[in-house]
Amino acid sequence: MNGRECDVLVIGLGPGGGSAAAAAAAAGLRVLAIDRKREIGVPVQCAEFIPLPLSRHAMAPGVLAQRISGMTSVLPSGTAVDTPFSGLMVDRAAFDRALAGSAEAAGAVVEAATSLVGLDDDAGAARLRGPAGESVLHYRVLIAADGPHSTVARLLGLAPLQTVNTRQYTVPLLQPFADTDIWLSPDYPGGYAWLFPKGDRANLGLGMDPRASADMKTPIDRLHRQLVAEGRTGADILARTGGAIPVGGLRDVLVSGRVLFVGDAAGLTHPVTGAGISAAVASGEAAAAAAHAWIGGDPAALAVYAEDMTDQFGESLQRAVVRRAELARLRSTGAVAEDAPHRRSWIAFDEYYRPALTA
Ligand SMILES: Cc1cc2nc3c(=O)[nH]c(=O)nc-3n(C[C@H](O)[C@H](O)[C@H](O)COP(=O)(O)OP(=O)(O)OC[C@H]3O[C@@H](n4cnc5c(N)ncnc54)[C@H](O)[C@@H]3O)c2cc1C
């Protein structure tokens, strides 16, 4: 790093920012990556499931918790349907720390407890606030990996993303198992409830559209009591978390000036499942490659990044947006208590992948 200049400034060190910083530094760029958290990855706001293709990022000590092989989807009638579902449960804080560690090992400068507070993208200048006070940093490309409520987007005057809220308890797991349980119900409008096992504990959570209901405590407590009564989990709540999940699909603007949006900040999170780690890592690595090509003299590289993300994720995200909207339209009718619309709105069922009923 030459004084307060860098090639690539990465805002946020979740999976998107960590992978972007690691890939950009490995490509030989001068990288500064910051996160406002005092400790990278903490607090965890995640059910901690990653799909198998990300297992290369679960090799660092302390990251891998257990394997997952199936999913049980429980419909409003109580019918439970088992489907294969392969992946890994990880310690998400260790996962994020390992990515940031890879970035540092590749030569990136990583600063925790440092926030982006101002931006002049025309001048390529960012105002950062860290433990030593405020400073201005000049960059050539900025990668916005700053999550669902992106500060970068706000500073650029871009619209906020539509999100759902979540609430999650970590509870003792009395009968360890290797499947994830999903509950689909009109009690969780615009979302669903989940139980992800992690050895002798589990992440029990739910997501809901805040416009439909602000009370998430009553339904999660009810589900927790049910699981305690069934002897599946203990009554203790070992940890509480939550957070926002983007559900509106891709951000309209993925590239603005020399700013590239990745991960949740780009709206890449799946609007039905809420899964976003995989897309965050993929987009982070793609953004780093685009930054490298652009700095290397390819004037189209940043625009190509936006096209690539749209090609790769646009259709699947759009299908999920449409399925959420279809279910939301039924909310005012009795049909939302039936199984059929939930089968159509959940990824485990064939109906989800069929063409839309309406134009
Ligand atoms: C309860 C819950 C459960 C989830 N479970 C799963 C799951 O099991 N599997 C899955 O794939 N996905 C899950 N997700 C979604 C997943 O966590 C996100 O998609 C993923 O974290 C996106 O990564 P990211 O790097 O884009 O953003 P984030 O992980 O949100 O990282 C953004 C980072 O930017 C930092 N930041 C923000 N503003 C600033 C600023 N101004 N200056 C400096 N730093 C800043 C933040 O501190 C944060 O560390 C879940 C989400 C929630 C809320």
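Which helix holds Ser283? I found Ser283 in helix H5, residues 277-295. Helices here are DSSP runs of H or I with at least four residues, strands are E runs of at least two, and both are numbered from the N terminus.

**Ground rules.** I am working on a predicted model, where local features need pLDDT of at least 70, side-chain atom pairs count only at pLDDT 80 or more, and totals for chains, interfaces and linings use all residues. Residues are numbered from 1 along each chain as its sequence is written, and side-chain values use heavy atoms, with hydrogens and water left out.

**Ser283.** Ser283 counts as buried because its relative accessibility is 0%. Buried means under 20% relative accessible area, exposed over 50%, and partly exposed in between (1.4 Å probe, protein chains only). A polar atom of the Ser283 side chain lies 2.8 Å from the backbone oxygen of Ala279. I then listed contacts, meaning heavy atoms within 4.5 Å. Beyond its neighbours within four places in sequence, Ser283 touches Val262, Gly263, Leu268, Tyr305 and Met309.

**Helix H1.** I tested the length of H1, residues 15-26. Its 12 residues should span 16 Å at 1.5 Å a residue, and the end C-alpha atoms are 16 Å apart, so the two agree. The expected span is 1.5 Å times one less than the number of residues. Of the 12 residues in H1, 10 are buried. Among them are Pro15, Ser19 and Ala25. The buried residues pack against strands E1 (8-11), E2 (31-34) and E10 (141-144), and against helices H2 (92-105) and H5. Gly28 follows H1 and has a positive phi, near 100°.

**Ala98.** I moved on to helix H2, where Ala98 lies. Ala98 and Ala58 are 40 residues apart in sequence, yet 8.6 Å apart in space, C-alpha to C-alpha. Leaving aside neighbours within four places in sequence, Ala98 is in contact with Ala60 and Val63.

**Second largest pocket.** I looked up its volume, about 330 Å³. A pocket is an open set of points on a 1 Å grid over the protein atoms alone, where a 1.4 Å probe fits, with protein on both sides within 12 Å along at least five of seven lines; lining residues have an atom within 4 Å of a point. Volume is the space filled by probe spheres set on the points. The lining has 28 residues, with Tyr188, Gly190, Gly191, Tyr192 and Arg324 nearest the centre. Strand E11 (163-172) and helix H6 (301-329) are the elements that give two or more residues to it. H6 gives the most, with 4 residues.

Note on methods:
Polar contact = N/O pair within 3.5 Å; in protein donor to acceptor, adjacent residues only side chain to side chain.
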